[in-house]
Amino acid sequence: MRTIPALAEITTRPRHLSFRLATALPPPVAWPADSLLLPRPHYELHGDALCYPEVHQPLRQLTASESELWSLLRQPVSVAAVREWIGAVAD
Amino acid sequence: MSKFLGAEYCELVEASFSAARRRVLVIEPHADDAVLSVGGTMWLRRHECAFVVATVASRSNWSRFRGLDVAATTELRRRESELAARMLGGEHICVGMTEAALRFQQRYPGSEWTDEFYRRHGSAIQASIVRVADDAERARWIEAMVQLLDKERAAEVWIPLGGLHVDHMLTADACFAAIATQPSLGHGRVLRVYQEQPYAASNPRHMDAARTALIEAGAVLEEERIAIASVREYKRRLVSVYDSQNLGEIYAVPGIDQTELIWRVHELPRRIDSSGLVSQAVTRPPAPHAIDSWLARNRDAPRVRVLLSAATGHWARDLKLLGTAFPRARFEVHVSAAVAAEVADVASDRVDMRTVAVGKLAWVLKALRLCIARPAPTLFYAGERREREARLLSRLWLANDVLVIPTMDHLAARYGT
């Protein structure tokens, strides 16, 4: 049954990592130029690091081009537009 | 882009869909339920159907991220839902009702949803989400569904069957009651009911009871089984968007990525109980006469003993009901220390509370002591899982008139909520 986790689980597990559903969907072979890239709403940029809300342990240190891409993703952006801004390295 | 997609920082969404798609309103109790239950079907049909997913209890306090307040959690879940809907080429609507755990907290004026509040009331909150809602709450949800169905002119409406969670039962009850109240809301529309996951896997008996309740009330349903194995990775991806929830664990239930089940409604239920079509059916006590006769025999008792070895989830309402059922009684409430806060926090000059230490041994000792205590009509509530043990213990009290119930909703069902 779907329930609220026990208090012990809440207080002892590293909450930002627990229960996460990982997926195995591969990226497309050919990127459709008119498709949109939409950011997930869970991440915040602190410096050059992506973090979960209220959890300031970095999930990933972004490179310069990744930071640029993340900045573009603040609004829905097409694959074509990303390529235009970042260049061939975008894919 | 590949790295970001692989790490699930973003999603790739088709830019445009046909304007000729059929508009389908999918009503879900909480943000994620539609995708968990029919995400594969929606993905398969996204080019023929423009899905509008409406989250009823969209005001939420529940997230696996610590430190988010109600507003931040509600907004995060709204954005997750909006993204999932966009991936399906659809839209998302927040209906704005408040979810069960938060309603529980609101019963304590001046309180806030904090770790401390959860520490004090965790067991009662767990119990409260499987209790049936009261009529006033149901009326609010029915009104919300009337407004939603009136405003959203979709050609099809998909309704949840009503899983074992108060908000799920409320949503199903409210949808059917809204259409029964205003039949024009259903006219010219295809109505479908969908099986709810993970409830179908974890509580199949409850889901069968909900479906049977619909049929017994006159609904004519045609089953559609949708094989979704070919799109299971897409369903998984849709579900994973709701990353604020504990879905890694929930998504492990068998069959969730193989088949989805929908029923087309050919005839609507004709008889809608005011206590809720699904709620009323699933809380019907198996032996109502035993409860009725126990209540009648002891109505004028000056003292009633109430044993609570588990949290009831809605003690204030239960006490009010007991007060009505036994107008002259004072209540000697023996409550497990683990759930004593639920009783202690409801002030009443008719209650004499006695705490029992945590553990089976403490309850066995309590049972032995009660053998020699002054006899009194006794209500023993131990929850469904401990009902059998409670019945065994109650055999010790030969001089007492004992009623053992697995849920306080059985009592409420005999007195009305």
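Predicted model: local features only at pLDDT ≥ 70, side-chain atom pairs only at ≥ 80, totals over all residues.
Local features were taken at pLDDT of at least 70 and side-chain atom pairs only at pLDDT 80 or more, whereas totals for chains, interfaces and linings use all residues. Residues are numbered from 1 along each chain as its sequence is written, chains are lettered from A in the order in which they are written, and side-chain values rest on heavy atoms, with hydrogens and water left out.

The contact (heavy atoms within 4.5 Å) draws 50 residues from chain A and 57 residues from chain B. Between them the two chains bury about 5,200 Å², of which 62% lies on carbon and sulfur atoms, buried area being the accessible area (1.4 Å probe) lost on putting two parts together, summed over both.

Two salt bridges are counted between chain B and chain A, a salt bridge being a side-chain nitrogen of Lys or Arg within 4 Å of a carboxyl oxygen of Asp or Glu. Arg40(A) forms a salt bridge with Glu11(B), with 2.8 Å between the closest N and O atoms. On the side of chain B that touches chain A, the elements that give two or more residues include β1 (10-13), α3 (70-87) and α10 (232-240) of chain B, helices (H or I, at least four residues) and strands (E, at least two) being DSSP runs numbered from the N terminus. The most residues to this side, six, come from α10(B).

Strand β1 (residues 36-39) of chain A runs antiparallel to β1(B), to which four bridges join it, where pairing requires at least two DSSP bridges between the strands. Within this pairing, Leu37(A) stands opposite Leu12(B) in β1(B).
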